[in-house]
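This report describes one protein chain, part by part. Please keep the sequence and the 3D view open while reading.

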Amino acid sequence: MRDYAIFALDPDGYVVTWNVGAQVLKGYRADEIIGRHFQCFYTEADRQGNRPQKLLAQARQDGRVEDEGWRVRKDGRLFWADVVITALYDEEGKLRGYAKITRDLTERRQAEEALSQAKRELERRVLDRTTELERANAALQERLAELEQFHDVVVGRELKLIDLEHEVQELRRENNRLKAMPRPD
């Protein structure tokens with residue numbers, strides 16, 4: 001179980017057992033960590049907020065607690081951990097301690113953050129492109145309105161010219177008819 005840190009805590013939160021996975025994940029050898037309080041795995045902010053003690057209290061109350069968050073390795077580097085703390089009771093119901101299982105989910109978290117960033121970038125690009133298209137559409141609508149207005153003017157002139165041509169033809173016919181009529185002497 002090298003992928004999981006599995007160890008036991010006493011009722012007060014001090015480390016009492018340590019496996020190879022815990023050594024690999026957290027960086028402590030068994031002789032360096034057994035007897036130390038498990039709060040050393042938490043960030044300063046979590047320790048200030050009593051997060052380790054709150055998690056033990058919740059495990060004691062509910063039987064187990066699951067948590068995700070930043071944890072600290074021996075060398076001070078952070079990793080994103082999925083943690084399960086299970087309260088261990090004896091036959092009389094007395095709390096004997098806790099079993100704690102920690103799994104490193106840093107790569108998954110980084111992938112989720114990269115995906116989230118890519119999604120935000122894509123949404124920004126779609127918004128930018130949508131804005132560009134809306135502007136282009138507005139410009140095209142404006143140009144179309146100008147062309148329609150020009151069309152109306154041109155068609156209106158053409159219609160007037162056609163009407164005038166008809167009137168001219170009518171006047172020529174009338175003139176020719178009048179010329180063809182005999183003149184009263």
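Which residue in β3 does Arg64 stand opposite? Arg64 stands opposite Thr86. The model is a predicted one, and every value below was computed from it.

## Overall form

The protein contains five helices and four strands. Along the sequence these elements come in the order β-α-α-α-α-β-β-β-α.

The chain has 185 residues, and a compact globule of that length would have a radius of gyration near 16 Å, but this protein has 43 Å. Along the principal axes, its C-alpha atoms fill a box of roughly 145 × 35 × 30 Å. Buried residues account for 25% of the 185 residues. The protein exposes about 13,400 Å², of which carbon and sulfur atoms supply 53%. Among contacts with a separation of 6 or more, 38% are made by residues 24 or more positions apart.

## The strands and their partners

β2 (residues 64-72) and β3 (residues 78-89) pair in the antiparallel sense over nine bridges. Arg64 and Thr86, named above, are opposite each other in this pairing. The hairpin of β2 and β3 has five residues between the strands, and in it Gly76 takes a positive phi near 95°.

β3 is also joined to β4, again antiparallel, by nine bridges. In this pairing Ala81 stands opposite Asp104, and Tyr89 stands opposite Leu95. The hairpin of β3 and β4 has five residues between the strands as well, with Gly93 at a positive phi near 85°.

Which strand is joined to β1 by six bridges? The partner is β4 (residues 95-104), and the two strands run antiparallel. Ile6 has Ile101 in β4 as its bridge partner.

## Aromatic pairs

How many aromatic pairs does a search of the whole structure find? The search finds six. In one of them, the ring centres of Trp18 and Phe41 are 5.7 Å apart and the planes meet at 20°, so the pair is stacked; the cut-off for stacking is an angle under 30 degrees. The pair links distant parts of the chain, 23 residues apart: Trp18 is in the loop between β1 (4-9) and α1 (20-26), and Phe41 is in the loop between α2 (30-33) and α3 (44-48). Both Trp18 and Phe41 are buried.

Trp18 and Phe41 also belong to an aromatic cluster, together with Phe7 and Tyr28. Lys26 lies over the face of Phe41, at 4.1 Å from the ring centre.

A further pair, Trp70 and Trp80, is edge-to-face, at 5.0 Å centre to centre and with 80° between the planes. Trp70 is in strand β2 and Trp80 is in strand β3, 10 residues apart. Are these two residues buried or partly exposed? Trp70 has a relative accessible area of 32%, so Trp70 is partly exposed. Trp80 has 11% relative accessibility and therefore counts as buried. The cut-off for buried is under 20%.

## Two residues in detail

Ala22 lies in helix α1. Its relative accessibility is 0%, so Ala22 counts as buried. Leaving aside neighbours within four places in sequence, Ala22 is in contact with Tyr4, Ala5, Ile6, Phe7 and Gly27. The C-alpha atoms of Ala22 and Ile6 are separated by 6.0 Å, although the two residues are 16 residues apart along the chain. Ile6 is the residue whose bridge partner in β4 is Ile101.

Asp10 lies in the loop between β1 and α1, as does Trp18. Asp10 has a relative accessible area of 22% and is therefore partly exposed. Not counting residues up to four places away in sequence, Asp10 touches Val16, Arg96, Gly97 and Tyr98.

Terms used
Residues are numbered from 1 along each chain as its sequence is written. This is a predicted model: local features need pLDDT of at least 70, side-chain atom pairs count only at pLDDT 80 or more; totals for chains, interfaces and linings use all residues. Side-chain values use heavy atoms; hydrogens and water are left out. Rings of Phe, Tyr and Trp (its six-membered ring) pair if their centres lie within 6.5 Å; planes under 30 degrees apart count as stacked, over 60 as edge-to-face and the rest as tilted. Buried means under 20% relative accessible area, exposed over 50%, partly exposed in between (1.4 Å probe, protein chains only). A charge sits over a ring if NZ of Lys or CZ of Arg is within 6 Å of the ring centre and within 35 degrees of the ring normal. The radius of gyration is taken over C-alpha atoms; the globule rule is 2.2 Å times the number of residues to the power 0.38. Contact means heavy atoms within 4.5 Å. Accessible areas come from the Shrake-Rupley method with a 1.4 Å probe; for residues, only the protein chains shown count as cover. Two strands pair if DSSP finds at least two bridges between them.
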